[in-house]
Amino acid sequence: MTAAWRDRVVLVTGASQGIGRCLALALARQGARIGLVARTEARLAAVAAECADLGADALAIPADITDQVACARAVQAVVDRFGRLDALVNNAGLSVVARFDAIEDLELAERTMRVNYLGAVYCTRAALPHLVAARGRLVAVASLTGKAGVPLRSVYAASKHAMVGFFDSIRIELRSSGVSVTVAYPDFVQTEVRERVLGPRGERLAIQPQPGVRFMTAEDCAERILAAVDRRRRDVILSARGRFGKWLQVIAPGLVDRIAERAMRRVRYGRDAGTGDGTSDA
């Protein structure tokens, strides 16, 4: 990867693990100056230290993106430290796997929407004046479920559809501002977040992929996202399976439904033996 991000100031949410951590490290290798946002202070500090070891100036900002005031403070902390903001990467997310009729408390749906959709809205609103001033880049890490319905993912897919609709809309609003909007659509990605999703009662689950199910590495995912953002692409589908499905959905949507159902059957979710309450690191 080239040093396309050298000296650019980038704020990454959900930066303490998974895709967010890999985005931060990839940016650090290119000499970016990085604001890191997540809730878990210890993990966030560890990522900041990794970035520093790579020669980057990284600022760890413990914050909950479901808090609008906290989002505004995080953006201001980055601007105060580095003098500007060139890019915002809305990456923080909460993953849920459950049949809708198995969810007893719909607070789980509200919580998912607060993290995956409203968190991105709050951060974007706070960052937008600075991005306009820099003619910068706005990024949303969505999911293939933001393009099509997927069984067992209704709550999660709805939040990602909302995220995609929001960023597709403001892309048009921002056309004359010089700010580009890139939406990334990862497929199955092997990350800590995807290994620990929430079940219908908010319990932690662990992904157990069956033979033949391919997972992209978080490192590969991060590098592809940054390459697309650097070129100011409007969107990037990060798997051949996803790109094929996009066109197949136009001509044979029923077939896409059946393929999605079969794909989910090939992934098993078991109780996570680790500790924790299943909350995201938003």
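Before the helix pairs, a note on terms: my axes are lines fitted to C-alpha atoms, for helices over the stretch in contact, and the angles run from 0 to 180 degrees between N-to-C directions. Helices (H or I, at least four residues) and strands (E, at least two) are DSSP runs, numbered from the N terminus.

**Ground rules.** This is a predicted model, where local features need pLDDT of at least 70 and side-chain atom pairs count only at pLDDT 80 or more, while totals for chains, interfaces and linings use all residues. Residues are numbered from 1 along each chain as its sequence is written, and side-chain values use heavy atoms, with hydrogens and water left out.

**Overview.** I get nine helices and twelve strands for the protein chain. Of its 282 residues, 52% are buried (buried is under 20% relative accessible area, exposed is over 50%, partly exposed is in between, with a 1.4 Å probe and protein chains only). I also looked at contacts (heavy atoms within 4.5 Å): among those between residues at least 6 apart in sequence, 76% join residues at least 24 apart.

**α1 with α7.** Helix α1 and helix α7 (residues 218–230) have axes 8 Å apart and pack at an angle of about 60 degrees. That makes the pair oblique; on this scale angles under 35 degrees are roughly parallel, over 145 roughly antiparallel, 65 to 115 roughly perpendicular, and the rest oblique. From α1 I listed G18, I19, C22, L23, A26 and L27, and from α7 A218, E219, C221, A222, I225 and L226. By class, the α1 and α7 contact has ten nonpolar, one polar and one charged residues (Ala, Val, Leu, Ile, Met, Phe, Trp, Tyr, Cys and Pro are nonpolar, Asp, Glu, Lys and Arg charged, and the others, Gly among them, polar).

**α1 with α2.** Next I checked α1 (residues 18–29) against α2 (residues 41–53): their axes come within 9 Å and cross at roughly 20 degrees. That makes α1 roughly parallel to α2. R21, A24, L25 and A28 of α1 meet V47, E50 and C51 of α2. I sorted this α1 and α2 contact into five nonpolar, no polar and two charged residues.

**α4 with α5.** The axes of α4 (residues 107–134) and α5 (residues 154–173) come within 8 Å, crossing at roughly 20 degrees. So α4 is roughly parallel to α5. This crossing of α4 and α5 is right-handed. The α4 and α5 contact has 14 nonpolar, four polar and one charged residues.

**Cysteines.** How many disulfides are there? I count zero disulfides, taking one as a pair of cysteine sulfur atoms within 2.5 Å. C123 is in no disulfide, and its nearest cysteine sulfur, that of C71, is 3.5 Å away. C123 counts as buried because its relative accessibility is 4%. C51 is buried too, at 0%.

**Two loop residues.** E104 is in the loop between β4 (87–90) and α4, and at 74% relative accessibility E104 counts as exposed. Its C-alpha is 7.0 Å from that of R201, 97 residues apart along the chain. R39 is in the loop between β2 (33–38) and α2, partly exposed at 35%. R39 and I65 are 26 residues apart in sequence, with 8.3 Å between their C-alpha atoms.

Technical notes: Left-handed = near helix turned anticlockwise from the far one by under 90°.
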